[in-house]
Amino acid sequence: MNEYKPVANSINPNRKRRKIIGASVYCIFLISTLVGIVGLGVLIFDVLDKGIPWLNWQFLTDYPSRKPEEAGLYSALIGTIWLMFMTALLTVPIGVGAAIYLEEYAPRNLLTKAIEINVSNLAGVPSIVYGLLGMALFVYYLGSSEQFLGRTLLAGALTLALLVLPIVIMASREAIRAVPDSYRQGAYAMGADKWQVIKGVVLPSALPGILTGTILAMSRAIGEAAPVIAISALVYMTFIPAHPMERFTVLPIQIYNWVARPQEEFRGLAAAGIIVLLAILLTMNAIAVVLRNKYQTRSEE
Amino acid sequence: MTALVRNTESVSIVFIVLGIFICGFVGCGNDTSNRSDSQKELTGTIEIDGSSTVYPISEAVAEEFNKLHPRVRVNVGVSGTGGGFKRFTVGETDISDASRPIKDPKETSVADENGIGYVKMRLGTDGLSVTVSPSNDFVECLTIQELNAIWKPDSKIYNWKDVRLGFPNLKIRLYGPDTDSGTFDYFTEEINGEAQVSRPDYTASADDNVLVQGISGDKGSLGYFGFAYYAENTDKLKLLSVDSGSGCVKPSLQTIPSGEYSPLSRPLFIYVNTDSYKRPEVKIFVDYYMEVGPGLTNEVGYVASSESTYADNKSRLSE
């Protein structure tokens, strides 16, 4: 111990400076963190302040109106829920399937590598690009012959599915990769074949991760306005879609329209719409957290 | 064994989740039928799209119409005048909202190719309002030449003192609608002589409320947008008169329809597809539109055309 003392002493003169640097670095990082939180706090406060007076049961169950006190977002709300579930139904099988293939089956070669790079690049493509792709492909190309697809819920869900697929694939791959190899080897040692190993061991262990990733991807999908505006182009609707081949509108479009109105009251309605959208997003994220916690504790047992 | 148990559990969870989805869907399906009890005869779908300026009128008419005929679905979109005509000229929509006449031959040729016949109906007039901040105390009126000097593509005016002799040394900051807007088309055509031609260094926004905020808080500001946005924000803006050679005229509910406020008054239309008009729900809707149009046009902040214009619309439609 003693032989180090001289060294420690020689550093001593700088101690004060180092302490100051240490403290200021701490402050800088703390402020960086706070910027985000304070920004979010101000935003939420502002939205709640403006929106809460407008938020009531009638707001949720009425159709849009030119009179602010009679306006509601029923058609947009139901459209959002429809779109979310249909997107999930389309995305989960394809996304998880692709992830299983890439992680468990795909040979390590150039083609696989190219696919992997492509998938991660696609996750960064701006959403409006998907919207225009969806409009060209689903609405005009597949929809032109007697409205096979057209501007329907299905076309919207297909577009959003394209948008979130890369996210689901990447999340599912992470989850599958995190399953320890010893599990697989154990199952193989018991005589299971590849599909049995995936079905009985890999997927159940990876499920919490897959679910979390999927739900977070769905939250992203329902907050998107740009691609859905390109597909739906609708604001005023006084019915709710009864099947996937009907027209639709969603919350972000309705909010966007209200914000752009000249009358001040519509800004309050927009704020109330944002609260509803936030409530849906937070509920979904909460479900993701609960599911993950539930399955994680179980697999540790 | 545990793997198997876990597996079946996860499968059952998936089914439960699926069940919730389906319940949700069925729940949605039931609600539609609740709204339709009184009038069962008239059904169908009417597709409207186009100008965001005309949108509030069509929305208001659709809303009132739905109270009488709840089973008719009236869908109103806002793709802009140009975007609306794109859909209208291929037969995708029954009615197109427009804040300018259809372009000849660019848009009319597409309609001809697809065999789309249509009737133009005048609804009313919107006065493009040129505004400054209320703290601006030196401008009351600008001439068309001055506006052109400020807004032309190669304009070198960066300061109010260059606009007119006697104006103070104050940096000028410009606000206007973005290039997708029909308002931008109309203003540039009237002021700069050609649609879509404008100096690029101004604050552009698709949301007119952003323009109102910007102009209101900036002493050196100058901007333009539809009259409805001024009417809702009279306390935050100062409205300028425009002189087109015969004196300064301020846009108002009197000067806009009379034609005195020229050339920045622009017409508002709907275009009706003549084939669609043969469908009973469209016919009843358009007839209703012509009946309540004047009142609702005024209600949402524009100036409705005279009774005779509406009567003329109706007669042309019946031909």
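Helices here are DSSP runs of H or I with at least four residues, strands are runs of E with at least two, and both are numbered from the N terminus. Since seven of the nine residues of α11(A) are buried, this helix is largely enclosed by the rest of the structure.

A word on what you are viewing: this is a predicted model, in which local features need pLDDT of at least 70 and side-chain atom pairs count only at pLDDT 80 or more, while totals for chains, interfaces and linings use all residues. Residues are numbered from 1 along each chain as its sequence is written, chains are lettered from A and ligands numbered from 1 in the order in which they are written, and side-chain values use heavy atoms, leaving out hydrogens and water.

Next, pick N257(A), which lies in α11 of chain A. Is N257(A) buried or exposed? N257(A) is buried, at a relative accessible area of 9%. Leaving aside residues up to four places away in sequence, N257(A) touches V235(A) and Y55(B) (a contact means heavy atoms within 4.5 Å).

Show both sides of the contact: 40 residues come from chain A and 43 residues from chain B. On the chain A side, color R66(A), Y236(A) and P262(A), which lose the most area to chain B, together 20% of what that side buries. The area buried between the two chains (accessible area lost on being put together, 1.4 Å probe, summed over both) is about 3,800 Å², with carbon and sulfur atoms giving 53%.

Now zoom in on R261(A) and E59(B). They form a salt bridge (a Lys or Arg side-chain nitrogen within 4 Å of an Asp or Glu carboxyl oxygen), and their closest N and O atoms are 2.8 Å apart. To see which helices of chain A take part, select α4 (74-105), α9 (194-223), α11 (251-259) and α12 (265-300), each supplying at least two residues of the side that touches chain B.

Finish with chain B as a whole, which has 11 helices and 14 strands. Of its 319 residues, 52% are buried.

Terms used
Buried means under 20% relative accessible area, exposed over 50%, partly exposed in between (1.4 Å probe, protein chains only).
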